[in-house]
Amino acid sequence: MSETKAETIAKAAGLIRRGGIVAFPTETVYGLGADATNETAVRRVFEVKGRSPSNPLIIHVSGIAAAARLADMTNLARQLAERFWPGPLTLVVERRPDSGLSPLTTAGLPTVALRAPAHPIARDFLEQADCPIAAPSANKSGRISPTSADHVRWQLGDAVDMIVDGGPCRIGLESTVLDLAGPTPAILRPGGISKEALEEVAGTLADPEQSALRRSPGTQARHYAPKAALRLNATDARPGEAYLAFGPCNLTAEKTRNLSPSGDLAEAAAKLYCMLIDLDQSGATTIAVAPIPDQGLGAAINDRLRRAARR
Ligand code: TXA
Ligand code: MG
């Protein structure tokens with residue numbers, strides 16, 4: 001008899017409590033989780049991903065009360081969390097000295113990145129594990145983030161203790177990382193919550209490009225990258241290239257995928273990583289990508305494409 005969902009989550013939470021590492025679904029991408037207070041477990045997450053120890057992890061919590069045990073949740077942090085949690089927003093705030101977090105999780109920084117995910121499996125998992133869960137995206141460092149359990153299996157396979165399969169991720173792009181510890185709130189990584197939506201609560205945000213270069217350790221290198229080269233803002237495919245379209249498109253070549261024939265940015269975000277993996281596996285050496293409008297979720301899509309295109 002196959003396990004029920006409740007049994008699977010209980011097993012995953014048990015593994016976390018015993019210091020194991022577990023891949024689990026969130027509404028953004030799959031995470032590779034460890035008890036954030038367990039130094040040995042957290043070290044394993046860095047090793048399995050091949051991640052630089054200077055790049056801190058996001059700590060997943062059930063909500064504001066759990067966040068306030070780890071960090072200084074300022075008035076603005078609370079307002080933002082009330083509006084956008086549970087959901088794809090990560091807040092960088094000052095870590096409390098008595099947080100109990102492994103110093104590895106924050107790469108020795110005085111700040112910590114916190115997020116309460118909305119996926120029902122992630123929520124049950126957090127509640128049963130009953131500890132803050134450090135979880136980067138469940139991919140090899142620099143590669144495409146997984147939006148399905150199969151993608152995790154291909155990249156990390158037996159290196160993790162368990163993979164909880166929650167189907168495809170609804171949003172498909174990572175959370176927006178918002179820095180509240182600096183002089184002005186600033187987006188360090190665009191993501192599932194748009195700048196426009198954040199500004200309704202936080203007022204005008206600092207320029208994302210400048211702040212990202214200044215303060216987020218993980219946002220500079222080539223990242224989210226397929227093996228193929230990317231050619232961005234391409235209105236058609238050259239001979240031999242695969243093509244990633246957006247909006248109405250009459251290219252029907254075998255190696256063409258369309259992020260959203262109707263031009264819907266949320267649909268495009270949800271399909272981006274999966275289609276990049278598909279086209280990469282087609283064996284093309286270059287993937288040409290259609291222009292994507294830069295507002296709302298489009299800003300996060302373009303951020304990932306630009307970084308995937310870096311050589
Ligand atoms: O949607 C997501 O955010 C996914 C799911 C699993 O929650 N997680 C994720 O984690 O994307 P990761 O480790 O791949 O990306 C975390 C980002 C990195 O760019 C890292 O540099 C930044 O958050 N970050 C973490 N702690 C930070 C801190 N204290 N200050 C500045 N940036 C921080
Ligand atoms: Mg990542």
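Me: Which residue stands opposite A229 in strand 13?
Reply: T286 does. Helices (H or I, at least four residues) and strands (E, at least two) here are DSSP runs, numbered from the N terminus.

Me: What kind of model is this?
Reply: This is a predicted model, where local features need pLDDT of at least 70, side-chain atom pairs count only at pLDDT 80 or more, and totals for chains, interfaces and linings use all residues. Side-chain values use heavy atoms, with hydrogens and water left out, residues are numbered from 1 along each chain as its sequence is written, and chains are lettered from A and ligands numbered from 1 in the order in which they are written.

Me: Back to strand 13. In what sense does strand 10 pair with strand 13?
Reply: Parallel: strand 10 (residues 229-231) and strand 13 (residues 286-289) share three bridges. To count as a pair, two strands need at least two bridges found by DSSP. Strand 11 (residues 242-245) also runs parallel to strand 13, again over three bridges, and there A242 faces I287.

Me: And the open sheet, what order do the strands take?
Reply: The nine strands go 7-1-2-6-3-5-4-8-9, with mixed pairing. Strand 7 and strand 9 are the edge strands, each pairing on one side only.

Me: How many bridges join strand 3 to strand 6?
Reply: Two, and those strands run antiparallel, with strand 6 covering residues 133-134. I59 has A134 as its bridge partner in strand 6.

Me: Switching to ligand 1. How many residues surround it?
Reply: 27, and the closest are T28, N55, H60, S175 and R189. A residue gets in if one of its heavy atoms lies within 4 Å of the ligand. By class, that shell has 13 nonpolar, nine polar and five charged residues. Nonpolar covers Ala, Val, Leu, Ile, Met, Phe, Trp, Tyr, Cys and Pro, charged covers Asp, Glu, Lys and Arg, and the others, Gly among them, count as polar.

Me: Which strand gives the most to that shell?
Reply: Strand 5, with four residues. Strand 3 (58-60), strand 5 (111-115) and strand 9 (186-189) each supply at least two.

Me: Which side chains have polar atoms by the ligand's oxygen atoms?
Reply: S175 has one 2.5 Å from an oxygen atom of ligand 1, H60 has an N or O atom at 2.7 Å, and R115 has a polar atom at 3.0 Å. Taken alone, ligand 1 exposes 690 Å², and the protein buries 97% of that. Those areas come from the Shrake-Rupley method with a 1.4 Å probe; for residues, only the protein chains shown count as cover.

Me: Why does R115 count as buried?
Reply: Because its relative accessibility is 2%. Buried means under 20% relative accessible area, exposed over 50%, and partly exposed in between (1.4 Å probe, protein chains only). R115 sits in strand 5, and its side chain makes a polar contact with the side chain of E27 at 3.0 Å. A polar contact is a pair of N or O atoms within 3.5 Å; within protein, one must be able to donate a hydrogen and the other to accept it, and residues adjacent in sequence count only if both atoms are side-chain atoms.

Me: How many residues has the largest nonpolar core?
Reply: 49, and M73, W85, L91 and L114 have the most contacts inside it. Such a core is a set of buried Ala, Val, Leu, Ile, Met, Phe, Trp, Tyr and Cys residues joined through side-chain atoms within 4.5 Å. Helix 2 gives the most to this core, with five residues.
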